[in-house]
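Me: I would like to learn how to read the features of a structure like this one. Please take them one at a time, with the general idea and then the case at hand.

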Amino acid sequence: MMKNMKIQQAEGYLTVEAALILPMLMAAILFVIYMLVFQYDRCLLEQDLGAMALWGSSVEEEDARNLEEMAKERMRALYRDKYVAWEFMNLQARLEKNCFAAEGSGRLALPAFAFSQWSDGGIWRTGTAYGYRRLSPVAFIRLCRGLKNLVQENP
C-alpha cells in the first residue's frame, strides 16, 4: 500500500513539472520559428533590393530619363508571395547624380504578447538600401584600359 502511494506521488510530480516546462518549451520553439521567418524575409528583401539596384545601374543611357518610373513599375510588380509573413513599409528607387539607389523596409508582427517585450508593440522592423554608380560605356572602357596598362607595367 505504501509502495503504491509513493508511485502515485512520483507520477504527480512528473505531471506538475511537465505542466511548467511544456509551455516554456513551446514558447521557445515559437520564438525560434518567428526569428527564422523574420531572417528569411529580411534576406529576401535584401536580395530583391540588391537585384533592383544592380538592374538600375545597368540600364541603357537612352532609358535613363524614364529610369525612376521603370523602377517604380518594377517594384510594384515585385513577386510578394515568396515572403512568408512580411508587410512592406516602404519601397523606393531613385537616380541621383548618376547613382541608382533602391531602398526598402518591412515589418513582422509577432503573435504573442510575451514576444512584444523585445520589440515595439510586438512588431519587428528592418530596412535596407543599396546603391550603385552608373557607368557610361566610355568610362568603362577607360577603366578597362587603365587596368590593362597597370597589369602590363607590373607583371
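Me: Is Asp48 buried or exposed?

Reply: Burial is read from relative accessible area: buried means under 20%, exposed over 50%, and partly exposed in between, with a 1.4 Å probe and protein chains only. Asp48 has a relative accessible area of 11%, so Asp48 is buried. This is a predicted model, in which local features need pLDDT of at least 70, side-chain atom pairs count only at pLDDT 80 or more, and totals for chains, interfaces and linings use all residues. Residues are numbered from 1 along each chain as its sequence is written, and side-chain values use heavy atoms, with hydrogens and water left out.

Me: Which side chain meets that of Asp48 in a salt bridge?

Reply: Side chains of opposite charge can pair when their charged atoms come close. The rule used here asks for a side-chain nitrogen of Lys or Arg within 4 Å of a carboxyl oxygen of Asp or Glu. Asp48 pairs with Lys82, at 2.8 Å from N to O. Asp48 belongs to helix H1 and Lys82 to the loop between H2 and S1, so the pair ties together parts that are 34 residues apart in sequence. Lys82 is partly exposed, with a relative accessible area of 26%.

Me: How many salt bridges are there by this rule?

Reply: The count is five. Among them is the pair of Arg76 and Glu73, with the closest N and O atoms 3.2 Å apart. Both lie in helix H2, three residues apart, which is about one turn of the helix. Arg76 is exposed at 53% relative accessibility, while Glu73 is partly exposed at 46%. Another pair is Arg107 with Glu87, at 3.1 Å between the closest N and O atoms. Arg107 is in strand S2 and Glu87 in strand S1, so this bridge ties together parts 20 residues apart in sequence.

Me: How do the elements of the protein run from the N terminus on?

Reply: Helices (H or I, at least four residues) and strands (E, at least two) are DSSP runs, numbered from the N terminus. The protein has three helices and three strands, in the order α-α-β-β-β-α. Strands pair if DSSP finds at least two bridges between them. S1 and S2 run antiparallel and are joined by nine bridges. They form a hairpin with two residues between them, and Lys97 in the turn has a positive phi of about 50 degrees. Within this pair, Ala93 stands opposite Ala102 in S2.

Me: Which residues touch the most other members of the largest nonpolar core?

Reply: A nonpolar core is a set of buried Ala, Val, Leu, Ile, Met, Phe, Trp, Tyr and Cys residues joined through side-chain atoms within 4.5 Å. Of the 21 residues in the largest one, Tyr83 and Phe100 touch the most other members. The elements giving two or more residues are H1, helix H2 (67-76), strand S1 (87-96) and strand S2 (99-109). H1 supplies the largest share, seven residues.

Me: What does Tyr83 touch, leaving out residues up to four places away in sequence?

Reply: Contact means heavy atoms within 4.5 Å. On that basis, and with those neighbours left out, Tyr83 touches Asp41, Leu44, Leu45, Asp48, Leu78 and Phe88. Leu44 is placed in helix H1 and counts as buried at 10% relative accessibility. With the same exclusion, Leu44 touches Lys82 and Tyr83.
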